Amino acid sequence: MKKTLFIVTVLLLVAAFGISAFMVGNYLLDGKKQAERMDDLSQIVSNAQTETAEESKETTEEATETTAPRPTAAGGMLPGYKDIYDQNNDTVGWIKMEGTKMNYPVLQTPNDPNYYLYRDFDKKQSKRGSIYAWGDADINKPSDNITLFGHHMADGSMFACLNDYTSKDAWDKNNLIFFDTLTEYHTYKIFAVFKTSANVGEGFSYHKFVDAANEQEFNDFVSTCKKLSFYDTGITPVYGDKLICLSTCEYTLDNGRLVVAAVRIT
């Protein structure tokens with residue numbers, strides 16, 4: 001009896017190990033495939049923008065080898081973005097932070113806001129999901145505040161780099177976020193970094209702030225962001241400014257969220 005129990009226990013442990021190994025393998029494979037897919041997409045954008053910049057440089061008398069002009073829109077979408085949009089017409093923009101792995105297309109599905117929570121750019125199931133915008137926000141108008149969501153991945157991908165910004169040292173080194181629409185280049189500067197709970201009835205519902213009804217509502221939102229912030233950046237957006245909030249998981253709170261809030265400067 002004891003021998004039989006021992007054998008059954010061993011078999012169960014072997015089965016559990018096999019299942020765990022299979023799941024880990026699938027997770028790593030999914031990560032590798034998605035990283036390669038994102039690299040391909042970013043290369044398309046980079047190549048198109050470099051080519052456009054070089055063409056513009058050749059036709060601009062003021063340009064020098066160190067001051068090549070930034071690519072500009074010509075007849076619609078920006079260089080490279082039309083190619084990305086043609087592959088997935090849920091694409092509404094591109095987000096990038098220098099010195100991090102953040103260099104991704106931004107997707108949006110207003111009728112199903114969390115569609116890309118666990119889907120990749122090609123709409124396939126993925127634990128890593130995609131970077132996506134809150135459904136109520138108007139990217140092109142733009143809304144007063146656009147919230148972008150992304151997972152906090154252990155390998156530093158997606159929005160994992162946001163965790164570094166709980167320290168002002170990271171802000172001092174790099175506080176700019178490049179968030180382009182399909183037709184316009186834009187640069188944002190971080191003005192607050194905070195954590196809050198996403199539990200219903202708790203915390204700060206930052207993502208629900210989209211368009212301010214008036215100046216007071218806008219100022220109240222900014223004030224709350226700054227009050228919760230880990231540190232003072234010395235930046236206070238004013239009514240009429242355009243904001244983005246980058247949101248990811250935070251693990252010191254129950255159902256916590258880490259949010260990096262930034263104001264558009266160009």
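I started with the hairpin: strands E1 and E2 form it, with six residues between them. In that turn I noted Gly 99, which has a positive phi of about 80°. Strands here are DSSP runs (E, at least two residues), numbered from the N terminus.

The model is predicted, so I took local features only at pLDDT of at least 70 and side-chain atom pairs only at pLDDT 80 or more, while totals for chains, interfaces and linings use all residues. Residues are numbered from 1 along each chain as its sequence is written, and side-chain values use heavy atoms, without hydrogens and water.

Next, the pairing (at least two DSSP bridges between two strands). E1 meets E2 (residues 103-107) in the antiparallel sense over five bridges. I found Lys 96 opposite Asn 103 in E2. E1 also pairs with E5 (residues 176-181), antiparallel, over four bridges. There Gly 93 stands opposite Thr 181.

I then checked burial of E1 (residues 91-96). Five of its six residues are buried, so the rest of the structure largely encloses this strand. Buried means under 20% relative accessible area with a 1.4 Å probe, protein chains only.

Last, I looked up the largest pocket. A pocket is an open set of points on a 1 Å grid over the protein atoms alone, with protein on both sides within 12 Å along at least five of seven lines; lining residues have an atom within 4 Å of a point. I noted 24 lining residues, with Phe 149, Ala 198, Tyr 206, Ser 247 and Arg 257 nearest the centre. Strand E7 (243-250) is one of the strands that supply at least two lining residues. Its three residues are the largest share.

Notes: Buried < 20%, exposed > 50% of the residue type's maximum accessible area, 1.4 Å probe, protein only. 1 Å grid on protein atoms, 1.4 Å probe; cavity = no way out; pocket = protein on both sides within 12 Å on 5 of 7 lines; lining within 4 Å.
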